[in-house]
Amino acid sequence: MLSRIAKIPLVSSHPEVYEPCDDSFALVDALLADRTNLLQHKPSICMEIGCGSGYVITSLAVMLGHEGFVPYYIATDLNPHAIRVTHETMDAHGVYAELVNTDITSGLEKRLAGSVDVLVVNPPYVPTPEDEVGFEGITSAWAGGENGRSVIDKILPAADNLLSEKGWLYMVTLTANKPSEICLEMRKKGYASRIILQRSTEEESLHIIKFWRDSDSQLELSNLNYWSKLVGN
């Protein structure tokens, strides 16, 4: 059975930075469960959107280690305090990432287009009033707007732009986010998907979804649309 506790000790914190909780642990457990595939995948660039405390990107760098390839790590966060905490966490564990204080992938779209092999995201997924989305500080870590989808729906096209042909996306979702709708949206962009870990806590039901490019998914959807139009006529 996979451990539900942090795989790495945290060495830094800040009152305005989200500390690892069940969602963070679930995402890292999912990555650990997929570690053999990740090692065979040999990613050149690994990225996290919304690094927070740095727990996930640091855990990923530690678990991949030096297995004959050394990925380039990059992480973004809207919260400048999160950038500092992530830097200190990574430094304490002897790993490095380029850290960028930005909203999702703003300013990186052209530079990283089609080049990210592994993208991990624990997005703000909690359903909240729309006016709480994008607040400075710790609120930005969880405020997800209507159905918790406001930020997620911005991340999906950004991920599609950044992911390489062999790119994999790992994303944390909540039942309230309607994961099946998210998978359908990505299917329209040519991605297959699979829930690789489910975990229920006292407060929420979490799903970790893995996405990858799959031409059959897009072809299947095109055929479905074709037949739907025929039936409609």
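I looked up Ile49 first: its bridge partner in β2 is Thr76. β1 and β2 pair in the parallel sense over five bridges. Two strands count as paired if DSSP finds at least two bridges between them. Helices (H or I, at least four residues) and strands (E, at least two) are DSSP runs, numbered from the N terminus.

I noted what I am working with. This is a predicted model, where local features need pLDDT of at least 70, side-chain atom pairs count only at pLDDT 80 or more, and totals for chains, interfaces and linings use all residues. Residues are numbered from 1 along each chain as its sequence is written, and side-chain values use heavy atoms, with hydrogens and water left out.

**The sheet.** I traced the strand order next. Seven strands form an open sheet, β3-β2-β1-β4-β5-β7-β6, with mixed pairing. The edge strands are β3 and β6, each pairing on one side only. I read an average twist of 15° from one strand to the next. Angles run from 0 to 180 degrees between N-to-C directions, and axes are lines fitted to C-alpha atoms, for helices over the stretch in contact.

I found β2 (residues 72–77) and β3 paired in the parallel sense over four bridges. Leu99 of β3 is the bridge partner of Ala75. Buried means under 20% relative accessible area, with a 1.4 Å probe and protein chains only.

**Helix α6.** Which residues of α6 are buried? I listed Ile152, Ile155, Leu156, Ala158, Ala159 and Leu162, all within residues 152–162. The buried residues of α6 pack against several elements, including β1 (45–49), β4 (116–121) and α7 (179–188).

**Helices α3 and α4.** I checked how α3 (residues 55–64) meets α4 (residues 80–92). Their axes come within 9 Å and cross at roughly 25°. That makes α3 roughly parallel to α4, a term for angles under 35 degrees. The contact (heavy atoms within 4.5 Å) is made by Ile57, Thr58 and Ala61 of α3 and Thr86, Thr89 and Met90 of α4. I sorted the contact residues into three nonpolar, three polar and no charged. Ala, Val, Leu, Ile, Met, Phe, Trp, Tyr, Cys and Pro count as nonpolar, Asp, Glu, Lys and Arg as charged, and the others, Gly among them, as polar.

**Whole chain.** The protein chain has eight helices and seven strands. Of its 233 residues, 49% count as buried.

Methods. Buried < 20%, exposed > 50% of the residue type's maximum accessible area, 1.4 Å probe, protein only. Parallel < 35°, antiparallel > 145°, perpendicular 65-115°, else oblique.
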